[in-house]
Amino acid sequence: MDDLERRIRAARPVSRSRDLPLSDRAKRELADLLLADNQVEPPKPRRGRGWLHAPRMLAMAAAAIVALGVGLFWPTASPQASAATPAMMAIDPLGGDGSALAMLEAAAAGQSTPADPVSGEVVITMQSWVLSIEAVDGDIPASNTVISPQVSTLTLFPDGSMSKVMTAGDAYDHSGVPVSKQSPPPGTVLGRLDQSTDEYVPLYSAPAPRDARLVEDFLRVGSGLEVAQASNAFLAISYLLQEQRLDGYQTAAVIAFLSDLPDYKVEGTTQDRLDRDALVLSAQRAGDQYADYLLLDREDGHVLAFESVYVGDTRTDLTAPAVTEYHLWEND
């Protein structure tokens, strides 16, 4: 599979249903594909999920129709156009001997195990926001640049079936002020997907390993990414957490794998967008236009959030640094 085909597949929503709304991430991927020849460089493409088994040209045509339908647009004619983006994290540098990851690895290994699909239901709740720009006649009205998270609740049943419900989150502007007349209102069901055991095909076909030596191959095979690069590893882990809840030993194995990567940095500590104390890891993407962040709970090491930040100088619609994507896991 070449990179273009992987991007087309990644742009498809995590569904085989036309009733589930197009995710913001999917909109971004589709815009990237359609506007690849524009003079203004669109966001770096994300490689990922392999859901769509269809001829390449048919997939591209479908992508074009959907993208036009949602009106997504990366502006070229209006260089003054800009989009509201969430506030940057406030990170406090971390002092000490640099053993923070080792401490979290040990803490994670002592945590209790969440429900297993074999013995009970598993619920994964995630809040997501991905930068998208909706233009009108080449301009971007302020009303179209609000920050609109979506909340997805995935329930995995013991028989291997699943149910996913997507609802509207609380919209706010770039200053963090809630939108007074949000449409649709928070909590509105945006879509629902139910799949039987035969229909549901997760990206990762086996549980995450509890042995750190197996994590790299596991993430690479499941995500299709070269996870020896820390930014790709962060993304692959975010994919995994959309499908599985990790127990303490699995989390410890992931942390041990991350600690051996050569190109990540421990930035410090912060409070995430749900006011939880987190240790912040960062990694530069190839090309140095974007940085990715993984936030770990400071008490038990489990992953709280994944964020991407534009830090480059090639886009006219954003001023670096600017958050372009975040995903928060709300699991207990």
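Predicted model: local features only at pLDDT ≥ 70, side-chain atom pairs only at ≥ 80, totals over all residues.

Me: How is a pair of aromatic rings described in general?

Reply: A pair of aromatic rings is described by the distance of the centres and the angle of the planes. For this structure, the search returns three such pairs.

Me: Which ring has the charged end of Arg-315 over it?

Reply: The ring is that of Tyr-310, and the charged end of Arg-315 lies 5.7 Å from the centre of that ring.

Me: Let us turn to helices. By what is the packing of two helices described?

Reply: One gives the angle between the two axes and the distance between them. Take helix α6, residues 230-241, and helix α7, residues 248-259: their axes come within 11 Å and cross at roughly 165 degrees. An angle over 145 degrees counts as roughly antiparallel, and α6 and α7 are therefore roughly antiparallel to each other. Their crossing is right-handed.

Me: Which residues form the contact of α6 with α7?

Reply: Ala-233, Phe-234 and Ile-237 of α6 meet Val-254, Phe-257 and Leu-258 of α7. Sorted by class, this contact has six nonpolar residues, with no polar and no charged ones.

Me: At what angle do α5 and α6 pack?

Reply: Helix α5, residues 212-223, packs against α6 at an angle of about 75 degrees, and the axes are 10 Å apart. Because of this angle, α5 is roughly perpendicular to α6. On the α5 side the contact involves Phe-218, Leu-219 and Ser-223, which meet Ala-236, Ile-237, Tyr-239 and Leu-240 of α6. The contact of α5 with α6 has six nonpolar residues, one polar residue and no charged residues.

Me: How should I read the packing of α4 with α7?

Reply: The axes of helix α4, residues 100-109, and α7 come within 7 Å and cross at roughly 165 degrees. That angle makes α4 roughly antiparallel to α7. The crossing of α4 with α7 is left-handed, whereas that of α6 with α7 is right-handed.

Me: What classes of residue make up the contact of α4 with α7?

Reply: The contact divides into eight nonpolar, three polar and one charged. From α4 come Leu-101, Leu-104, Glu-105, Ala-108 and Ala-109. Their partners in α7 are Gly-248, Tyr-249, Thr-251, Ala-252, Ile-255, Ala-256 and Ser-259.

Me: Now the backbone. Where is a peptide bond cis?

Reply: The bond from Ser-183 to Pro-184 is cis, with omega near 0 degrees. Pro-184 belongs to the loop between β3 (162-168) and β4 (189-195). A cis bond also joins Ala-320 and Pro-321, where omega is about -5 degrees. Pro-321 is placed in the loop between β8 (303-310) and β9 (322-329).

Me: Is the phi of Asp-275 positive or negative?

Reply: Asp-275 is not a glycine, yet its phi is positive, at about 65 degrees. Asp-275 is found in the loop between β5 (265-271) and β6 (277-284).

Methods: Residues numbered from 1 in each chain as written. Heavy atoms only, no water. Axes fitted to C-alpha atoms, helices over the stretch in contact; angles between N-to-C directions. Helix = DSSP H or I, 4+ residues; strand = E, 2+ residues; numbered from the N terminus. Parallel < 35°, antiparallel > 145°, perpendicular 65-115°, else oblique. Left-handed = near helix turned anticlockwise from the far one by under 90°. Contact = heavy atoms within 4.5 Å. Nonpolar A, V, L, I, M, F, W, Y, C, P; charged D, E, K, R; others polar. Phe/Tyr/Trp six-rings, centres within 6.5 Å; stacked < 30°, edge-to-face > 60°. Lys NZ or Arg CZ within 6 Å of the ring centre and 35° of its normal.
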